[in-house]
Amino acid sequence: MSGIILKDKALVASLRAGLLAWYDTHGRKLPWRQGERDPYRVWLSEVMLQQTTVPHAAPYYEKFLRLWPTLRDLAAAEDGRVMAEWAGLGYYARARKLLECARTVVRDHGGVFPADETELLKLPGFGPYTSAAVVAIAFGHAANVVDGNIERVMTRLYAIETPMPAAKPQVREAAAQWVNDDRAGDWPQALMDMATLICRPKSPVCGGCPLAEACVARARGEQERFPVKLAKAPKPRRYGVVFVIQSGDDVLVERRADKGLLGGMLGLPHTEWRSEPYRTEEITPPLSAPFEVIGSYEHVFTHFALTQEVWRAQVSDESVCDFLRRNNSFQLLPVSEKVLPTVFAKALKMKPVAPGLFD
């Protein structure tokens with residue numbers, strides 16, 4: 001690692017002040033930055049922003065606050081409603097941890113988040129990043145907040161040649177040199193905004209960067225080479241068959257087991273997702289009906305890609321009611337409710353379907 005910044009504390013202080021001044025003028029106006037820095041709102045935004053983008057997360061954040069404006073409101077919410085409102089943000093385990101954490105803070109901390117990184121790390125769903133972010137942004141305490149955006153800035157500033165993720169300890173060491181009590185909450189947000197608007201993954205706008213004079217990668221003309229990453233192995237592919245079973249304007253859904261992928265969510269019945277395509281004779285729908293195959297679609301999860309064939313059937317009220325009496329994990333759901341995870345919502349959008357039913 002280059003020592004160009006580590007050896008010059010005055011330069012660090014000057015550049016840090018320059019970035020904060022840039023942030024005052026150019027920082028993004030985000031929903032969770034409006035008003036007081038309520039720990040509940042900071043925490044909620046940080047959980048939502050994991051594995052998704054700001055434009056995608058913002059409407060979910062605003063809707064959650066309308067439904068559950070305080071931590072106690074969220075802690076008292078019905079699990080199924082929270083999971084349904086989370087649909088589309090992915091990683092449903094995060095939604096379960098969200099509820100678990102809210103209830104833990106209400107039960108063990110009187111509904112108030114502790115202002116200490118060590119104590120926050122004990123809460124469900126809190127890791128090093130979230131703990132540091134809440135301590136810095138919500139409470140204004142100096143903390144070494146390092147996310148993917150800050151990793152990109154630091155690997156370029158210091159030209160860290162170690163590939164990610166092995167370079168994470170070096171990145172944290174580099175980022176720690178810039179952390180102090182002065183505007184502790186603004187500092188990580190300034191870095192994140194600069195990374196998003198200037199130090200972009202592709203085509204960084206180095207001419208407008210407040211840290212440019214200290215950037216080793218820029219001096220070498222190698223900005224886009226960092227962070228160094230190992231080649232990704234291709235995702236394994238799995239195959240399945242999903243059943244769209246209609247009764248009038250309703251569709252048959254099932255409540256998934258609490259644990260595992262999409263745990264606790266409503267979903268369409270489907271076969272096991274496996275590594276080989278299914279032969280027709282291997283497929284057993286949940287109830288007997290004349291099914292038609294209307295096509296297949298692709299969906300990508302974090303750890304695998306899925307090809308799913310869609311079987312559709314229209315069944316009588318009598319047959320589906322008899323099925324429901326014998327299978328209490330299933331229910332009929334008006335399609336207009338749109339509460340299914342994306343992997344199943346895609347099946348509902350497949351054509352051909354009853355005219356207008358899934359529009």
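Tryptophan 22 is found in helix 1, which covers residues 9–26. This is a predicted model, so please read each detail below as part of a prediction. Is tryptophan 22 buried or exposed? With a relative accessible area of 11%, tryptophan 22 is buried, because buried means under 20%.

Which residues does tryptophan 22 touch, once those up to four places away in sequence are set aside? They are Gly27, Ala190, Asp193, Met194, Leu197, Ile198, Gly208 and Pro210. Methionine 350 sits 328 residues from tryptophan 22 along the chain, and the C-alpha atoms of these two are separated by 48 Å.

## Glutamine 189 in helix 11

Now have a look at helix 11, made of residues 186–197, where you will find glutamine 189. Glutamine 189 has a relative accessible area of 6%, and it is buried.

A pair of aromatic rings is described by the distance of the centres and the angle of the planes. How many aromatic pairs does the count come to? The count comes to 15. One of them joins phenylalanine 243 and phenylalanine 291, with 5.8 Å centre to centre and 70° between the planes, an edge-to-face pair. Phenylalanine 243 belongs to strand 1 (residues 237–247), while phenylalanine 291 is in the loop between strand 3 (266–267) and strand 4 (292–300), so this pair ties together parts that are 48 residues apart in sequence.

Phenylalanine 243 is buried, and its relative accessible area is 2%. Phenylalanine 243 also pairs with tryptophan 311: the ring centres are 6.0 Å apart and the planes lie at 85°, so this pair is edge-to-face. Here strand 1, holding phenylalanine 243, is linked to strand 5 (residues 305–314), holding tryptophan 311, and the two residues are 68 apart in the chain. Both phenylalanine 243 and tryptophan 311 are buried.

## Charges over rings

The charged end of arginine 238 is placed over the ring of phenylalanine 304, at 4.2 Å from the ring's centre. For arginine 274, the ring is that of tyrosine 278, and the charged end sits over it, 3.9 Å from its centre.

Definitions and conventions. Residues numbered from 1 in each chain as written. Predicted model: local features only at pLDDT ≥ 70, side-chain atom pairs only at ≥ 80, totals over all residues. Heavy atoms only, no water. Helix = DSSP H or I, 4+ residues; strand = E, 2+ residues; numbered from the N terminus. Buried < 20%, exposed > 50% of the residue type's maximum accessible area, 1.4 Å probe, protein only. Phe/Tyr/Trp six-rings, centres within 6.5 Å; stacked < 30°, edge-to-face > 60°. Lys NZ or Arg CZ within 6 Å of the ring centre and 35° of its normal. Contact = heavy atoms within 4.5 Å.
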